[in-house]
Amino acid sequence: MYSNLLTDPLVLCITLPLLGAALTTALPRHAVPLGILAALATCSAAVTLGVDVWQHGALRLVLGGWEPELAIGLRADGLAVALALMANLVALGISVYASGYFRDPERMRAFWPLWLLLWAALNGLFLAGDLFNLYVMLELLGITAAALGALTGSREAVSANLRYLLVGLLGSISYLLGVALLYTAHGTLDLGLVARAIAANDRLFAVDAAALVLMVSGLALKAALFPLHFWLPPAHANAPAPVSAALSALVVKASVYLIIRLWLDLFAPITGLAAAMFLALLGAAAVVWGSWRALRAERLKLLAAYSTVAQIGYLFLFLPLLAVTPPGPPRDNLLAALVLMALTHGFAKSGFFLAAGLVQTNAGHDRIDDLGGTAQRLPATTFAIALAGSALIGLPPSGSFIGKWLLMQGAIESGQWWWVIVVTTGSLLASAYVFRVLSRAFGLEPTPLKFVTDARAEVPALLLSLVAVALLGLASGPLWTLLALRAGGGA
Amino acid sequence: MTAQFLYGGAGLILFVLGLWSFLVHAPLLRKLIALNIMGGGVFHVLIAVAYRGDGVTPDPVPHALVLTGIVVAVSATALALVLGARLQDEQRQG
Amino acid sequence: MSLDLAPLLPGTIVLSSLLPGVFIFLVREENHLLRTVLNLFGAVLKLVLVGVMIWGVYLGQVFETRVQIAPGLELVLHADALSVLFVTLSTVLWLVTTVYAIGYLEHSPNRSRFFGFFSLCVSATVGVALAGNLLTFVIFYEILTLATYPLVAHRGTPEATRGAKIYLAYTLSGGLLLLVGAVWLRTLTGPVDFVAGGVLRGMPADMHRELVAIFALLLAGLGVKAALVPLHGWLPQSMVAPAPVSSLLHAVAVVKAGAFGILRVVFDVYGVEFSSELGLLAVLAALASFTIIYGSLMALTQDGLKKRLAYSTVSQVSYIALGAALLGPIATVGGMVHLVHQGIMKITLFFCAGNYAETLGVHNVSQMDGVGRRMPLTTLAFSVGALGMIGIPPIAGFVSKWYLGLGGVEAQQYWVLLVLGASTLLNAGYFLPILYRAWFRPLPNEWPHEHHFGTRFETMGALLWPPVITAAFCLVAGLFAAAPFSPLEWAQLIARREYGL
Amino acid sequence: MVRHAECAVRSAECGVRGGGVASVSAWLLLVVWVWPLVLALPASRVRFRRDWGRVEAPDGAVPALGAPRSALPWVALGPLPALLAVLTLPLGTVLPMPWLFLGTQLGLDATARVYLGFTAVLWLAAGVYTAFGERGARANAGRFDALFLLAMAGNLWLIVAQDLFSFYAGFAMMGLAAYGLVIHDGSASALRAGKVYLVMALLGEVTLFAGLVLLASETGTTLPEPGTVTGLSGLTIALLLLGLGVKAGMVPLHLWLPLAHPAAPVPASAVLSGTMIKVALLGWLKFLPVGALALPGWGHGLALAGLATMTLALPVGIVQRDPKVILAYSSIAKMGFLMLLLGLTLVQPALAPVGVAGIALYAAQHGLAKGGLFLGVGMRKHAGAAGSVTQALVLGALVFFALALAGAPFTSGAVTKYNLKPVLEAAEWTWLGAAIAAGAVGTALLMARFIWVVARIEPHPDPALHPRGEPGWTWPLAAWALLLVLVALFPFAFGKPASWLSNAGPIGLGVGIAAAIALVATLQPRLLAPFIGLVPPGDLLALIMPLLAAFRQSGETLLADLGRGWSRLYTVAAAAFERVFGTPAGDVERGLRQWPVAGALWVGISALLLILLFVERPVVTPDNATGAAAEPLPARMQRSSNPQLPRLQPHVEHRPPAATDDPA
């Protein structure tokens, strides 16, 4: 049983980065190779897990031989695997990028353990099967993220990330109180059992609702849903580039993932259209406001950060549509579109931030209006920004194009046509802010004969953006199959 | 039973008070203390849940949760203090 | 062509310029030879493949590439007669434009970037042409927008970036409207391919209002690229682009994609008879007619040669929309054939405008006195293009005009003759003064900025021969309009298939 | 309609079907107009290959057009195939070329043969004059020669055309190329004349285009002939009459003619007046149901238009100073006469055989005579010094041409008019005879005025124009003599002896009046002086131009106002844009980051969420669910809300067997 557990990809996804974190702490001089090794190992574990789930259906694992009511459980269904795969691939890209990013050995040594811890927390969060485990991972994620974000040590970074940390703590405590209420009511923490209990016990509606509100609003704080996004732009904009990428692409996404899980899985019996509509309205406001602020941002990374606020907003637009769509292909489409947009944003935003970091290191600043010459000097990076940008806008053939297509289709089919206006407005604003950056690449600055090339930094950015644009847009079919893998039973 | 409710209710009140303090008071230390009080409130609730009657062994799960929660809270507080201290250093220097 | 390869052909045609384009991005700036070889290889290969496809389609063979990108969402590349018309046009003109661009950009910076996007642009155009359903169409339509933006902004001057921004603002907004329309339509019909004769005829009457609204969205989206007034604002602004890009915008790709989309929507989605029943054709016809007149009037007032040509495009492209807006096979033929004719005539004019600018530094009509003496071959080509635009037989433009007029009369829309007549006069009003200046006014003492290329001809060969060749196309397309495989014959083939004659 | 539609989309199959078997010689009909086209290239003397970089003439750039002298008289060679065709091809030759243009059919019927004959001869004479007469005198000779050949090609093409596309193509080619001939001088008056000509020619072409489109639609054929065009609507006929009426100089569409014909160089004037305006008649003969259908309304209308044209042109012509303007007005008057005849033929289809042949011959003789007169003016000006034998001969020949034009006995004019007598006599209008006689008198007077003016021309041959002993005027004079001979032989070739003596009365009267006036003019010049130049060339144009100018002025003002309004609007919009985007964005979220604000928002959102959850505590009612499904939406998916809440079914599953199989 133990050997079984040790080699189980589901477990390895979490233990390998933890092990890596321990090793890099113990041997700080070899942090980079060890870190890369851990990253590769973790990523391959995640891929193995993905293959496993693809072949055998949803997996579930109970650690320590306890009853499901008590135990620490891990589970991997299609949704979790899809997000975990994205997170691990992005994290691998970030790792490669980061291996060359930090010049200061002090920072480099601090980075790797924290980063691997964050990774472990991420994987744990996606794969956890019980509410408390989720809480622990959530906390770990929040703490490591804040610590990483403050890594540059600048005043802005520290104060922004201190705020982030406090927000995270507030959110987690709120979540924990919700968990406590649920346990009070149903006496179990296992996601599946709680869900059943909620569906079965109509009497406990008040407690369930209170728990739902506490958990969701706590997570909404962490997910930076408008207007609770106040902490995000300064925190993401001032972090080191690889950290910004991870924060924007993955960490925020983890909270959203949890909200979606709770809303659709756990609390489905008690969530109505009105509440979903309310969240979607906040999402719509996030789309418009975030995009507008991104358009007005003076710095490249601030732009990217506000763009994250907007992109998160899109995901909430799906809730009222899912609320009124009965199970069947249309609902599958909506769900897949939701995940597809989250995945695309993960890849695109990480690519964008990595490229922006490269621009910043080369130019010494990231003021958009003064980037002309830099864009000329870094063709590959500019190209990566262009690719990532078109995924953010939702231009074909990116994954978010398909996502938006299905979102609008669902909106029209369910009669909630007004979301179409939100989506189009958001897309227009997004194109405005993306091309505000890109137009700098076509200035009159003389083209240098020698381009700056830095494969270790450029290739991850380019590849991540490329995945967002080409792979997810043109071959998103398997996602449907993957998401269908929640009833288990295997292929 | 009433004791359980009292205990749990007090936990909730602690949570709300902590929240109030967290939001209203600007200094970092007060915020951290407030957060810990909120956490304490939640732990109270969990401990109250664990009670299964006199003489009956309490439910171990909430206990485990509380223990873990305390660890997490401590580490988070530590990190916040470190960051706060750095901020203060810089403010002094600047 | 064995049957096994038939499903691959449309995809291969798209890739035949896409892949060289990707490689061109990686070519070092100073490696002129490799870049040229890649460019021409892609262009010629595509031409050969298209030739194979023409023959196959003529024989009724089906070429279809189908890729599922998500359940229910299929990327379909399908070669029917209409798409072959457009594909052939853009492929042939692309080859010519590539030669021209190689000469035009001889010494300018960022050539690898330019030619990379140039190839992407044509790949997108071919994708638009071969798109077998609205989803595919929208995808390539948007890619076309993106690929063209760097070309418009290529010069990097403040005007260029401004023009590019305006271009983008218009086309992306239009693209979104198109997207919304396409999505909405899909919610009503589910996934449908383009089918000659349309697919919406059977829709119940209570949905007609929605269908009209969708048509408005689609038309607004396509109208931006097709430069229907009042959505034309970007076209005169993007005149800052280099001449080969202008050709691409006006003749090969962008504007054509919009007009082609209108044809697709009217004929293969709604069906022309159904559109007429819904009263959509009347609106389209009114819009197109207004654009024809308005564009010509604006062209009259321009002194900048390229701006005048741009407004002329605004006017002329609406002939295509007008052809689609008149119920009846003859007008259809007129609109379809003008897709080709406008392309070859306008590309000639833009090549010539580029030659004047490059060789003599002449940018304005008022500077064109005597250019016919200094650059006789270029001016001869220009004259052919301009007279064709006016509709002087036997140049290609007359053929379009004849079919449009006859189609209008057959559809009992006599006002079409008035529109055509007014347009002819206005075209003459802004083209003939140019010809007069070029041929009849004395040479100036000095050209604004003369450039000697050290050749035996008036300008560099790569600049000179493309307009001469396209001018010859204009003549041949008109003179041999009734011969087999002429654009007209092909348009008639399409019309027969659309109307089931 | 369906049939037309099908034809239009299958032109190769049912457009042009070979009307007859094409023999090898029929290809000559193609050569007739392609040959001048081909010649235009060498005639233009453009040198495409030159070293533009280095060779610069000392006095500036050397123009590419018309620099060197050409080795061959290209322009004179142009009409030779046409002449050959007239002489050798049998009547009824047809050359169908369905692959050419929109389905071409060339052919030679009787009318076409007459037209081709006189047209070719006149182009030949004018071509010889161009090639030799003023060689080197003209700047831009290459341009002139090329355009001359293009106009020639168009003219010949439309004559041999049997399909309307070829006709229209030739018509347009001729019309546009002629513009270049008219403005060749580059003088201000020529440019003005050219502008008027071009505007009206284009108006005519557009109108004709519309007429032809309607014709094709209404008859379903593109090979119009009187027998097939019987179904024309009134609109079509009106468009055809107006469209070609511009070319024919029908009042009031004649405005361009008295300006353009004199402005052009002599050989161009000759062909403009001699052949080009005649094609209008040819078009009408092709496109109107002449002889097939009685169209009394249109016929009388056309006849009246012709009469009006004569009535206006003759008196206005008499008061002109420039001999070429006088000739131009004479052309207008003659076209008016021909319109009258055609109109009468339209009224009475039975007269068609006589009428059509008569009209063609009349056109031919007028074309030759008018060409001779125009060329003669040039000869009078340049060929030989004053008082030389040449000049005396020229003057004599001019008098002969003038007499022929006026229709004096024993001339072509009299004979052809006699041939048309049946048409005139059949008219319902009893006063017509008197009117015709008055017209004849007027023509005689006009010709007398012409001779009067031309005799007073001071010849000014420029010896510098003919250095190195070139042939000089020998060839042009010879060509002119050919015209003279043809005109002189005309009555004997085409007229019955009875006709030779006709028309003596009016001519005699006219000559008498002319002599009287001449006497008065010699004795008392001041008496008549006020009449000379009373009406400017272009007559009605003087009235129209101020109107047009005013219209243009107001239009420009309007446009300027619009432009100002627009630019003001634009400025305001740009300023607003600048206000928003010009100022730094600032940090508007500072307030949001205050903890009390953020906290309050958070608590508020939580509370609202809770309230909403309670408000909408879901109740599963089967009615709603089925209600949605029952909505009759056949082709679309269900779109109304379904309150039955979906959920992701939580599924609990333990490790798959694979894990447990593994021995621990």
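This is a predicted model: local features need pLDDT of at least 70, side-chain atom pairs count only at pLDDT 80 or more; totals for chains, interfaces and linings use all residues.
User: At what angle do helix α1 (residues 9-26) of chain C and helix α2 (residues 32-58) of chain C pack?
Analyst: Residues are numbered from 1 along each chain as its sequence is written; chains are lettered from A, and ligands numbered from 1, in the order in which they are written. Axes are lines fitted to C-alpha atoms, for helices over the stretch in contact, and angles run from 0 to 180 degrees between N-to-C directions. The axes of α1(C) and α2(C) lie 9 Å apart, and the angle is about 175°.

User: Are α1(C) and α2(C) roughly parallel or roughly antiparallel?
Analyst: Angles under 35 degrees count as roughly parallel, over 145 as roughly antiparallel, 65 to 115 as roughly perpendicular and the rest as oblique. The pair packs at about 175°. That makes α1(C) and α2(C) roughly antiparallel.

User: How many charged residues does the contact of α1(C) with α2(C) hold?
Analyst: Residues are in contact if their C-beta atoms, placed from the backbone, lie within 7 Å. Those of α1(C) include Leu9(C) and Phe23(C); those of α2(C) include Arg35(C) and Lys46(C). Ala, Val, Leu, Ile, Met, Phe, Trp, Tyr, Cys and Pro count as nonpolar, Asp, Glu, Lys and Arg as charged, and the others, Gly among them, as polar. The contact divides into eleven nonpolar and five polar residues, with the charged ones numbering two.

User: Is Pro442(C) buried, exposed or partly exposed?
Analyst: Pro442(C) sits in the loop between α18 (415-440) and α19 (461-479) of chain C. It touches Asp369(C) and Gly370(C), not counting residues up to four places away in sequence. A residue is buried if 20 or more other C-beta atoms, placed from the backbone, lie within 10 Å of its own, exposed if 12 or fewer, and partly exposed in between. With 14 such atoms, Pro442(C) is partly exposed.

User: Which hand is the crossing of α16(D) and α21(D)?
Analyst: Helix α16 (residues 352-382) and helix α21 (residues 474-494) of chain D pack at about 150°, axes 10 Å apart. They are therefore roughly antiparallel. A crossing is left-handed if the near helix is turned anticlockwise from the far one by less than a right angle, and right-handed if clockwise. This crossing is left-handed.

User: How many nonpolar residues does the contact of α16(D) with α21(D) hold?
Analyst: On α16(D) the contact includes Leu361(D) and Met379(D); on α21(D) it includes Trp480(D) and Phe494(D). There are four polar residues and no charged ones, and the nonpolar count is 13.

User: How many helices does chain D have?
Analyst: Helices (H or I, at least four residues) and strands (E, at least two) are DSSP runs, numbered from the N terminus. Chain D has two strands, and its helices number 28.

User: What average pLDDT does chain D have?
Analyst: In chain D, 84% of the residues score at least 70. Residues 620-664 of chain D stay under 50. The chain average is 82.

Terms used: Two residues are in contact if their C-beta atoms, placed from the backbone, lie within 7 Å. pLDDT is the predictor's confidence in each residue, from 0 to 100.
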